[in-house]
Amino acid sequence: MSKVTIAIIAAAGAATGAAATAAFYSTKKETPAPVPIATPAAAPRPAPQAPAPPTPYSSYPPPAATARLPPVDPNGLFQYGFPGPVADLKPSASLTSSFDRRTRNPAWVAEHITPESLANNNADRKHSVFVEDASIPEMFRARLKDYFRSGYDRGHQVPAADAKWSQQAMDDTFLLSNMCPQVGDGFNRDYWAHFEDFCRRLTKSYPSVRIVTGPLYLPKRDPDGKWRVSYEVIGQPPNVAVPTHFYKVIFAEDGKQGGKVALGAFVLPNAVISNTKPLQDFEVPLEVVERASGLEFATKLDQSRRKRLCQEVNCSIIVKEYKQRQETFAKK
């Protein structure tokens, strides 16, 4: 998919809201005229009586304002609970994720890698197992049986290889809330794995690398010329959506306070990709990922601090042999 196509299909409109107005009420205090008192002619005139205090309103707002209140209260629904959407935010040592209950996939998963974190080798993948995330309500969570014989891999969004610094950190990456259904041969076990390796190699140039990964559900043009979103749902009954694409947004930091940040955004189809395909072919403007995902990634990063990642480093993959090893773990 070309960058132009992604930009077209990710376009979204913005809605504006109306400003609220407030009315102020005041009462006018009137001082009654003093009442003369009849006295003998020789007697002095007494001082006038002080005016009586105004009668306060028995309720607020005044009756005149009550008629201006709307006849309905939609927010009264909240007395029974907030319907959502609920973003199940899950922070852990090796990752932080926000879960999308509608698709049973994460909306995004954030990680942080450094030369030191990748140098530590205190965990072994063979000791980790795929598990359902009990922190997600049962009716909304992805289940192990959803993936069974589905034809898709349980694709890590934060890879286990990025969390070798402790066994618990690696175990956290095996929660299904960190997974999405991914095409195995030609993608999860091939090009996607090489892409993850590219992210790790960035720590040779940058002391701190932050990565946000997640799924997309993008439309495609049908023969009738109309754009439609279509994706498979796996499980019996159908439960977990199969993303059409995946994104990564990379923040490569120079390590200085208020320093430069090299930004890179990539969108890859959830499909077989030839290892000869240049990684830079999947680079897109950050705004494309934001429009397609409904998320915002760098609102507090000033333009003066931004650099384009693929202008700073060579955005390319190195083909390594992951396939046989990952096939073994995919069968667990």
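A salt bridge is a side-chain nitrogen of Lys or Arg within 4 Å of a carboxyl oxygen of Asp or Glu. Glu132 and Arg141 form such a bridge, with their closest N and O atoms 3.9 Å apart. The structure is a predicted model, in which local features need pLDDT of at least 70, side-chain atom pairs count only at pLDDT 80 or more, and totals for chains, interfaces and linings use all residues. Residues are numbered from 1 along each chain as its sequence is written, and side-chain values use heavy atoms, with hydrogens and water left out.

The protein chain has 10 helices and 13 strands. These are DSSP runs, numbered from the N terminus (helices: H or I, at least four residues; strands: E, at least two). Of the 332 residues, 41% count as buried. Buried means under 20% relative accessible area, exposed means over 50%, and partly exposed lies in between (1.4 Å probe, protein chains only). The chain exposes about 19,900 Å², and carbon and sulfur atoms supply 55% of this area. Accessible areas come from the Shrake-Rupley method with a 1.4 Å probe; for residues, only the protein chains shown count as cover.

Two strands pair if DSSP finds at least two bridges between them. Strand β1 (residues 87-91) runs antiparallel to strand β2 (residues 96-100), and five bridges join them. Ala87 stands opposite Asp100 in β2. A hairpin of four residues links β1 to β2. Five bridges also pair β2 with strand β3 (residues 105-113), again in the antiparallel sense. Here Thr96 faces Ala110 in β3. Four residues lie between β2 and β3 in their hairpin, and Arg104 in the turn has a positive phi of about 65°.

Leu95 is found in the loop between β1 and β2. Leu95 counts as buried because its relative accessibility is 6%. Its contacts (heavy atoms within 4.5 Å) beyond four places in sequence include Val109, Ala110, Thr173 and Asn178. Leu95 and Asn178 are 83 residues apart along the chain, yet their C-alpha atoms are separated by 8.9 Å. Across the chain, 73% of contacts between residues at least 6 apart in sequence join residues at least 24 apart.

Asn178 also touches His156. UniProt lists His156 for "active site" in an unreviewed entry; such annotations may be inferred rather than shown by experiment. His156 is found in strand β4 (residues 153-156). With a relative accessible area of 6%, His156 is buried. Among its other contacts are Trp192 and Glu196. Both are buried residues of helix α7. Helix α7 (residues 191-201) is mostly covered, with 10 of its 11 residues buried.

Phe82 lies in the loop between α2 (63-66) and β1. Phe82 is exposed because its relative accessible area is 59%. Together, Leu77, Phe78, Tyr80 and Phe82 make a nonpolar surface patch of about 510 Å². Patches are made of residues with over 30% relative accessible area and no salt bridge; like charges are joined within 9 Å, and nonpolar side chains (Val, Leu, Ile, Met, Phe, Trp, Tyr) within 5 Å.

A search of the whole structure finds 15 salt bridges. Asp185 and Arg189 meet at 3.3 Å, N to O. Asp281 and Lys277 form another bridge, at 3.5 Å. Separately, salt bridges with shared partners join Asp153, Asp185 and Arg189 into one network.
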